[in-house]
Amino acid sequence: KKWGGRMDGVTIKGMVRQQLRGTMFNSILGAPKTAVKALVGTNTIAMLRPFQAYLGAQMGLHRYIDEKEIFIAEAQIDSMGRAWAESWKMAQRNWELGVKGKNQDYQGKFDLEGSTREWKGLRKYYEQFGTEAEKNGYGFIDKVVDFNANPWIKYSQNAMGAGDAFARTVIGRQFMAKKAAQEALDKAPYTSDLEGFKRYVAATEENFRKEIFDVNKDGFSIVKDKAAAMAGDEAALTKAMEGNFKGFELISEIPIMKSFFPFVRTGFNYIDVVLIQSSPAQIIRDKYRDLVWHKKPRNLEKYGLKPEDVAGEVALMEGRIAMGTAIMGMGVIAAMTGRSYGDLPANKVDRDLWKQNKIQPHSFKIGNTYVSHERLEYFSPLFTLAANIVANADILGEKYLDEWLSKGVWLASATIIDQSMLSGIGDLAALMEPESIEGKAKYALSRV
């Protein structure tokens, strides 16, 4: 248990390696901005869902979408005000669970090696049967275990878990309101009394709690509905990777690679959330094809949907495309008027010119002040892309294509690293360089 190994074909992870890795992970996640970014980003996605669905419903671009979806989206927007109290209680509960060293209600973005209860249970055996050296070894590792479990050390993980619980509860309440709204429209399909409709939804949405939530022994509601759970995974950036991308996640299961690639899923989910705001990326996704491209929607069970849910889901996807397009449009206009800036120029002459004029990359210019948009979660890459397009509008032909391909690769790579804390990739690359390998190897191994 201390050093790990295999027994009866089962791999046992050694506590020494787990805790040293845990210390490294805690240091990576310890920056205050990490928790703030996660909390803001997760809840931004959750809160935007009904607004984006409303926008898509208003546009009515597809045969499935009619005026009913506007009412349903309105009801979901209205429900969020009623969800705050319950969501705060869930956030508080999950914070307290984390502080006490217990498992939180939902899988987190950066869940590390779990419970230490089994390790603590070995103390009596070490004391009874262990040699003096084994007792001292257990005592040292146990201090590291206690250090990694300290609430002050794990505050970032605990805060993110609490924020995820808040967002998932809000999404669950949105789904409750959707069910109540669908029932209301079945009874009065041609109603024009929006306020009366919203009052009816508010009065009846609790009838659908058991469809969306499971109530645990402590009386707290945990999302169980498949579609709501998938929406929560999307917001929390914990959606399982599928297809070819699953291979990247499997890399992190190789023992030594775990230290270089600790949080792969988060980075790829972040890119996915950014891309679904654009039409080219959205319309080639399996979900869009299954629900829109065919005469009859298919694979509904894969997404946890029922036939009556299809129109709302299509409205959400169209609303996201519209919002992303609008943001790109605003970004282009701002860049054309000198009020938005993207990446530093590729050539040194232009970079020096920016520095001389004190132009800040990834920022808006308001008067003579530059305001960074780097932390404007999920939309900053779109503003950056728009500014880059304007800045390079004079580049034509092969040079244009090559430069933008390289910028696209860089943007994706930077996003993965920034959002999933893959800082160890630099150390891995250092090991591959023949020059000064001894010093670099020592540094890289110290991080493993």
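**Reading the helix packing**

Mentor: This is a predicted model. Of the chain's 448 residues, 46% count as buried.

Trainee: How many helices and strands are there in the chain?

Mentor: The chain has 21 helices and 7 strands. Among contacts with a separation of 6 or more, 68% link residues 24 or more positions apart. As for the surface, the chain exposes about 23,900 Å², and carbon and sulfur atoms supply 60% of that.

Trainee: At what angle do the axes of helix 7 and helix 8 cross?

Mentor: Angles over 145 degrees count as roughly antiparallel, and 65 to 115 as roughly perpendicular. Here, helix 7 (residues 155-187) and helix 8 (residues 194-204) cross at roughly 125°, with axes that come within 9 Å. That makes helix 7 oblique to helix 8, and the crossing is right-handed. Helix 7 brings A177, A180, A181, E183, A184, L185 and K187 to the contact, while helix 8 brings F197, Y200, V201 and T204. By class, those residues are 8 nonpolar, 1 polar and 2 charged.

Trainee: And how do helix 16 and helix 18 pack?

Mentor: Angles under 35 degrees would count as roughly parallel. Helix 16 (residues 310-336) and helix 18 (residues 380-391) pack at about 45°, their axes 8 Å apart, so they are oblique to each other. Their crossing is right-handed. The contact includes G324, I327 and G331 of helix 16, and L382, F383 and A386 of helix 18.

Trainee: Which classes make up that contact of helix 16 with helix 18?

Mentor: You'll find 12 nonpolar, 2 polar and no charged residues there.

Technical notes. Residues numbered from 1 in each chain as written. Predicted model: local features only at pLDDT ≥ 70, side-chain atom pairs only at ≥ 80, totals over all residues. Heavy atoms only, no water. Helix = DSSP H or I, 4+ residues; strand = E, 2+ residues; numbered from the N terminus. Buried < 20%, exposed > 50% of the residue type's maximum accessible area, 1.4 Å probe, protein only. Contact = heavy atoms within 4.5 Å. Areas by Shrake-Rupley, 256 points an atom, 1.4 Å probe, with all protein chains shown as cover. Axes fitted to C-alpha atoms, helices over the stretch in contact; angles between N-to-C directions. Left-handed = near helix turned anticlockwise from the far one by under 90°. Nonpolar A, V, L, I, M, F, W, Y, C, P; charged D, E, K, R; others polar.
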